[in-house]
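User: I am new to reading protein models. Can you take me through this one in short steps?

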Amino acid sequence: MDTVTTPDATDAPSPDLPLPTSPDELLARLAALGIAAATHSHPPLRTVEESKILRGALHGGHCKNLFLKDKKDQHWLVVALEDARVDLKRLDKAIGSARLSFASPDRLWSHLGIRPGSVSPLALINDSERRVKVVLQEAMMAHEILNYHPLINDRTTAIHRDDLLRFIRACGHEPAIVAFGGADDEA
């Protein structure tokens with residue numbers, strides 16, 4: 001599991017602030033790109049463990065998303081299978097970053113327009129300035145269908161891996177697909 005603790009949720013922006021992009025607006029953007037996505041509602045989920053308990057029969061790769069910053073103040077969105085072993089002390093070498101740590105909830109809000117517990121590559125819709133580098137786990141991309149929160153953690157959206165790549169590129173990002181997080185990997 002991750003070797004660095006997450007920031008305290010008290011740093012999070014007010015829950016009263018509206019999201020810059022609503023889940024419905026996100027789904028409309030996917031549809032405008034010709035991307036089919038199936039969204040399922042459920043109680044709010046903040047952790048992989050909660051997700052495993054409540055996901056039911058949703059098939060495909062279930063993922064975790066890490067919003068990180070490095071010591072050079074570059075921000076990273078690292079997306080991997082939920083059971084990937086991610087060691088932040090080694091991940092920097094795998095992705096070519098400086099030393100990594102979790103970014104604060106305030107940075108998450110200012111860069112991706114979402115709150116803790118809702119981190120997702122779909123939040124790249126809010127990074128019009130392209131301030132975040134995107135890293136996708138190679139093993140995750142072997143799954144045809146992938147599941148992510150659509151900007152809020154009371155829903156899960158299933159999307160085809162090729163459509164995920166198309167969406168990320170339509171947001172102006174070129175994701176790096178990197179091998180990490182396996183039992184034998186360095187990160």
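The questions below go from the whole chain to single residues.

User: How far can I trust this model, and what is its average pLDDT?
Analyst: This is a predicted model, so confidence comes first. Residues 1–10 stay under 50 in pLDDT, and the model has 20 contacts beyond four places in sequence for them. Across the protein, 83% of the residues score at least 70. The average pLDDT is 88.

User: Which pattern do the helices and strands follow along the sequence?
Analyst: The protein has five helices and eight strands. Read along the sequence, they give the pattern α-β-α-β-β-α-β-α-β-β-β-α-β.

User: What share of the residues count as buried?
Analyst: Buried means under 20% relative accessible area. The protein has 187 residues. The share of them that counts as buried is 48%.

User: Among contacts between residues at least 6 apart in sequence, what share join residues at least 24 apart?
Analyst: Take the contacts in the protein between residues at least 6 apart in sequence. Those joining residues at least 24 apart make up 71%.

User: Which element supplies the largest share of the largest nonpolar core?
Analyst: This core has 32 residues, and Leu 112, Leu 136, Met 140, Tyr 148 and Phe 167 have the most contacts inside it. Several elements supply at least two residues each, including helix 1, strand 2 and strand 5. The largest share is four residues, and it comes from helix 5.

User: Which residues of helix 1 are buried, and what arc do they cover?
Analyst: In helix 1, the buried residues include Pro 23, Leu 26 and Leu 30. They sit on the same side of helix 1, because their arc around the axis is only 60 degrees. In general, an α-helix has 3.6 residues a turn, so residues three or four places apart point the same way.

User: Is strand 5 largely enclosed or open, and how many of its residues are buried?
Analyst: Strand 5 spans six residues. The rest of the structure largely encloses it, because most of those are buried: five of the six.

User: What is the bridge partner of Val 135 in strand 8?
Analyst: Strand 5 and strand 8 run parallel. Three bridges join them. In strand 8, the partner of Val 135 is Ala 176.

User: Is Thr 156 buried or exposed, and which side chain does its own side chain meet in a polar contact?
Analyst: Thr 156 lies in strand 7. Its relative accessible area is 9%, under the 20% cut-off, so it is buried. Beyond four places in sequence, Thr 156 touches residues including Ala 38, Leu 58 and Tyr 148. The polar contact, at 2.7 Å, is with the side chain of His 42.

User: What relative accessible area does Leu 151 have, and what is its phi?
Analyst: Leu 151 is in the loop between strand 6 and strand 7. It is buried, with a relative accessible area of 1%. Most residues other than glycine have a negative phi. Leu 151 instead has a positive phi of about 80 degrees.

User: Where does Arg 130 lie, and what is its phi?
Analyst: Arg 130 lies in the loop between helix 4 and strand 5. Arg 130 is not a glycine, yet its phi is positive, near 55 degrees.

User: How far apart in space are Gly 182 and Gln 137?
Analyst: Gly 182 lies in the segment after strand 8. Gly 182 counts as partly exposed, because its relative accessibility is 26%. Gly 182 and Gln 137 are 45 residues apart in sequence. From C-alpha to C-alpha, they are 9.7 Å apart.

Terms used. Residues are numbered from 1 along each chain as its sequence is written. Side-chain values use heavy atoms; hydrogens and water are left out. Buried means under 20% relative accessible area, exposed over 50%, partly exposed in between (1.4 Å probe, protein chains only). A polar contact is a pair of N or O atoms within 3.5 Å; within protein, one must be able to donate a hydrogen and the other to accept it, and residues adjacent in sequence count only if both atoms are side-chain atoms. Contact means heavy atoms within 4.5 Å. pLDDT is the predictor's confidence in each residue, from 0 to 100. A nonpolar core is a set of buried Ala, Val, Leu, Ile, Met, Phe, Trp, Tyr and Cys residues joined through side-chain atoms within 4.5 Å. The arc is that of the directions from the helix axis to the C-beta atoms. Two strands pair if DSSP finds at least two bridges between them.
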